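Thanks for coming, everyone. Please have the sequence and the model open, and follow along as I go.

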Amino acid sequence: MKRIITLFFVLFIFSFSFAQAEKDSLFPIPSHQVGIGLNKFIKSVFASDDNAMIINYRYTGKKKWSYRTGFDFKKDDSEGGFTQFAFKLGVDRNLKRYRNWNFYYGADLFTRYSNYKNINKPQYDNGIGAFFGVQYFISPHFSISTEPMFYYKYIYIVDRSTFQKDNKTGWSETGLGKIGFIELNFNF
C-alpha cells in the first residue's frame, strides 16, 4: 500500500511539473507579421523617427531567420508642402524566446526620397541600420515591439534650379534611431 501511495504521490508531482512546462512553453512564431508604427498616428505620446516606416511586413521561415520590408509615405499640401516616399529591406535573426517575449537582432537597408513644393531640390537618403528588437506577444496573433537601431546614412540634394555642372550636395549622418518607437503587430 505504501508503494502505491508513493507511486501516486510521485506521479502527482510529475503531473504538476509537466503542467508547468506546458504553461511555460511558447506557441510558435507565426510566419507572417504586419506591423503598424503607432508613432505615426499618436505623435504627442510616442517619439517619432525619420528612419521608421509606417507599414512593415516580416516573413519568418522554418529557420531562425526573418525577412522584412517596410514602406512610408507622407504628403503635405500646404504652401511649403512636400512629398516623401521611403522603402526598406532587411533581415533579422531570433536570439532568444522566453514565454511571451522574443528578442532578435538584424539589419535594414533603407532609402527615402523627399521633394519639396517651393524648391526644385529633391533629397535622397540612403542608409543601413543595425538594430536589436524586443517583441511581446499579447496573444498568438497580436504583439507589440520596439527596435532601437544604430544607423548610417548618406543624404544628398540635387539642385535642379541651377545650370552648374556640380549641382549635388551630400553629407553623411550616424546616430541612434527608433528609440521609443512602438509598433503594433498582427501575426498570422
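Start with A86. Set aside its neighbours within four places in sequence, and A86 is in contact with M53, G70, F71, D72, T111 and R112. Contact here means heavy atoms within 4.5 Å.

A word on the source: this is a predicted model, where local features need pLDDT of at least 70, side-chain atom pairs count only at pLDDT 80 or more, and totals for chains, interfaces and linings use all residues. Residues are numbered from 1 along each chain as its sequence is written, and side-chain values use heavy atoms, with hydrogens and water left out.

Back to A86. It belongs to the largest nonpolar core, together with M53, Y104, F110, F131, M149 and Y151, seven residues in all. Which elements give two or more residues to this core? They are β5 (101-116) and β8 (149-158). A nonpolar core is a set of buried Ala, Val, Leu, Ile, Met, Phe, Trp, Tyr and Cys residues joined through side-chain atoms within 4.5 Å. Buried means under 20% relative accessible area, exposed means over 50%, and partly exposed is in between, using a 1.4 Å probe and protein chains only. Strands are DSSP runs of E, at least two residues long, and helices are runs of H or I, at least four; both are numbered from the N terminus.

Now two buried asparagines. N102 lies in strand β5. Buried or exposed? N102 is buried, at 0% relative accessible area. Its side chain makes a polar contact with the side chain of N94, at 3.4 Å. A polar contact is a pair of N or O atoms within 3.5 Å; within protein, one must be able to donate a hydrogen and the other to accept it, and residues adjacent in sequence count only if both atoms are side-chain atoms. Beyond its neighbours within four places in sequence, N102 is in contact with several residues, including I29, R58, G133 and F137.

The other one is N187, in strand β10 (residues 183-187). N187 is buried too, with a relative accessible area of 1%. Its side chain makes a polar contact with the side chain of S143, at 3.2 Å. Leave out the neighbours within four places in sequence, and the contacts of N187 include P30, H32, Q135 and H141.

Which residues make the nonpolar surface patch of about 960 Å²? Y57, Y59, W65, Y67, I138, F142, I144, L184, F186 and F188 do. The elements giving two or more residues to the patch are β2 (55-60), β3 (65-75), β7 (142-146) and β10. Patches are made of residues with over 30% relative accessible area and no salt bridge: like charges are joined within 9 Å, and nonpolar side chains (Val, Leu, Ile, Met, Phe, Trp, Tyr) within 5 Å. The areas come from the Shrake-Rupley method with a 1.4 Å probe, and for residues only the protein chains shown count as cover. Take I144, in strand β7. I144 is partly exposed, at 35%.

Next, charges. Side chains of opposite charge can pair when their charged atoms come close. The structure holds 10 salt bridges. A salt bridge is a side-chain nitrogen of Lys or Arg within 4 Å of a carboxyl oxygen of Asp or Glu.

Look at K153. D125 forms a salt bridge with K153, the closest N and O atoms being 3.8 Å apart. D125 lies in strand β6 (residues 123-139) and K153 in strand β8, so this pair ties together parts that are 28 residues apart in sequence. D125 counts as buried at 6%, and K153 counts as buried at 5%.

K153 also meets E173 in a salt bridge, at 3.8 Å, N to O. E173 lies in strand β9, so this pair ties together parts 20 residues apart in sequence. E173 is partly exposed, at 28%. Elsewhere, salt bridges that share partners join R58, R68, K88, D92, D108, E147 and K178 into one network.

K75 is at 53% relative accessible area, and D77 is at 56%.

Last, the backbone. Most residues other than glycine have a negative phi. K178 has a positive one, near 55 degrees. K178 lies in the loop between β9 (168-177) and β10, and is buried at 6%. R99 has a positive phi as well, near 50 degrees. R99 is found in the loop between β4 (82-98) and β5, and is partly exposed at 39%.

That's my tour. Over to you.
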